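Here is a short walk through one structure. Start inside, then move to a single side chain.

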Amino acid sequence: MSSSGLEVLDPVTRRHVERAAEALQEEFAGTFSRETIARYIAESSDELGESKVTLFVPIFVERFTRERLNALAQAEGLVTKEMPEVLFVCVHNAGRSQMAAGLLKLRSKGRIQVRSAGSAPGETINPNAVEAMREIGVDLGEEFPKPLNDEFVRAADVVITMGCGDACPIFPGKRYEDWVLDDPAGQDLDTVRRIRDEIDVRVHDLITELLPE
């Protein structure tokens with residue numbers, strides 16, 4: 001396997017990524033060809049391989065590729081979609097969209113599939129967002145900013161944008177909403193808590209719409 005993404009990694013990290021590719025090829029055998037899985041691993045390595053958190057690059061690449069392949073399988077009708085799916089998109093995928101995804105997972109009790117992404121993803125999650133969510137029992141410590149891709153949008157039933165303008169691709173049959181919220185970047189913890197609570201109100205309304213009793 002060769003790509004610019006793999007080539008920029010040091011040999012040890014590259015080997016870990018290659019092992020991740022082998023695991024994904026086994027996991028998705030019968031759904032996608034080895035060539036498709038190899039291409040997605042290479043693309044993900046290219047997008048995530050320059051992360052400053054080098055130690056975690058193989059983990060991020062494997063998780064991101066798995067998310068993309070699962071989304072692709074849903075979009076192509078290769079697997080049965082058992083619940084509604086929501087995609088949250090902001091610019092850096094480091095604050096608003098991560099908090100919204102965490103809140104929707106928490107409040108829906110796993111009854112809604114949730115993804116998040118950024119039109120220009122940052123390097124790490126906003127630490128005040130991590131703390132604000134930790135206060136209500138949501139751990140964002142293992143999350144990481146992910147780039148927006150067509151698979152996530154195609155698999156979603158609802159796409160909610162937060163300040164990313166026209167960066168999100170438009171596909172027919174999707175429900176699009178724009179939530180106007182302050183950007184938590186550079187804000188103090190109290191401000192981020194307020195933004196979190198505003199998102200929480202909207203999340204409750206969304207759940208009521210998607211999961212009517």
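A nonpolar core is a set of buried Ala, Val, Leu, Ile, Met, Phe, Trp, Tyr and Cys residues joined through side-chain atoms within 4.5 Å. Buried means under 20% relative accessible area, exposed over 50%, and partly exposed in between (1.4 Å probe, protein chains only). This is a predicted model: local features need pLDDT of at least 70, side-chain atom pairs count only at pLDDT 80 or more, and totals for chains, interfaces and linings use all residues. Residues are numbered from 1 along each chain as its sequence is written, and side-chain values use heavy atoms, leaving out hydrogens and water.

The largest nonpolar core has 29 residues. Within this core, Phe32, Leu87, Leu148 and Val159 touch the most other members. At least two core residues come from each of helix H2 (11–27), helix H3 (34–48), helix H4 (57–75), strand S1 (85–90) and helix H7 (150–155). Helices (H or I, at least four residues) and strands (E, at least two) are DSSP runs, numbered from the N terminus. H4 gives the largest share, eight residues. A second, separate core holds 28 residues, among them Trp179 and Ile207.

Now take leucine 87. Beyond its neighbours within four places in sequence, leucine 87 has contacts (heavy atoms within 4.5 Å) that include Arg115, Leu148, Phe152 and Val159.

Helix H4 also carries arginine 63. Is this residue, arginine 63, buried or partly exposed? Arginine 63 is partly exposed, with a relative accessible area of 25%. Leaving aside neighbours within four places in sequence, arginine 63 is in contact with Glu142, Glu143 and Phe144. A polar atom of the arginine 63 side chain lies 2.7 Å from the backbone oxygen of glutamate 142.

Conventions. Polar contact = N/O pair within 3.5 Å; in protein donor to acceptor, adjacent residues only side chain to side chain.
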